[in-house]
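Have the sequence and the 3D view open while you read.

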Amino acid sequence: MSDQDPVELMLKKTGCIELHYKVQECIAETGDWRSCQEKVKEFKACMKDYVDAQSRKYAHIK
C-alpha cells in the first residue's frame with residue numbers, strides 16, 4: 001500500500017506538480033486564492049497542454 005496521495009501521483013505524471021505547489025504556497029501565504037490568479041493561470045495552462053497532448057496521442061484510438 002502506497003502512502004502517496006493519488007492526486008500528487010497524477011500531477012507528477014502531467015508535469016504540472018511544481019505549478020500546483022506554487023498555487024498551494026501562494027494560497028497558504030496570502031490566505032486568499034484570488035490573490036494567486038497568475039499562478040492559477042499557469043497551472044491551468046500546464047494542465048491544458050497535458051490534456052491536449054494526451055488527446056493528440058490517443059486521437060487514432062476509437
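Helices here are DSSP runs (H or I, at least four residues), numbered from the N terminus. H20 is found in one of them, helix α2. Before going on, keep in mind that this is a predicted model, where local features need pLDDT of at least 70, side-chain atom pairs count only at pLDDT 80 or more, and totals for chains, interfaces and linings use all residues. Residues are numbered from 1 along each chain as its sequence is written, and side-chain values use heavy atoms, with hydrogens and water left out.

Back to H20: is it buried or exposed? Buried means under 20% relative accessible area, exposed means over 50%, and partly exposed is in between (1.4 Å probe, protein chains only). At 17% relative accessibility, H20 counts as buried. Leaving aside residues up to four places away in sequence, H20 touches L11 and F43, where contact means heavy atoms within 4.5 Å.

Now for the cysteines. A disulfide is a covalent bond between the sulfur atoms of two cysteines; here the test is a pair of cysteine sulfur atoms within 2.5 Å. The structure holds 2 disulfides. One joins C16 and C46, with sulfur atoms 2.0 Å apart. C16 sits in the loop between α1 (6–14) and α2 (17–30), while C46 is in helix α3 (residues 37–57), so this pair ties together parts that are 30 residues apart in sequence. The torsion about its S-S bond is about -95°, so the C16 and C46 disulfide is left-handed. Both of these cysteines, C16 and C46, are buried.

C26 and C36 make another disulfide, also with sulfur atoms 2.0 Å apart. C26 lies in helix α2 and C36 in the loop between α2 and α3, so the parts they tie together are 10 residues apart in sequence. Number the bonded cysteines in sequence order and the pairing reads 1-4, 2-3.

What about charges? Side chains of opposite charge can pair when their charged atoms come close. A salt bridge here is a side-chain nitrogen of Lys or Arg within 4 Å of a carboxyl oxygen of Asp or Glu, and the count comes to 3.

| Salt bridge | N to O distance |
|---|---|
| D32 and R34 | 2.9 Å |
| E38 and K41 | 3.8 Å |
| D52 and K48 | 2.7 Å |

E38 and K41 both lie in helix α3, 3 residues apart. D52 and K48 are in helix α3 too, 4 residues apart, about one turn of the helix. As for the remaining pair, D32 is partly exposed at 21%, whereas R34 is exposed at 58%.

Notes:
Helix = DSSP H or I, 4+ residues; strand = E, 2+ residues; numbered from the N terminus.
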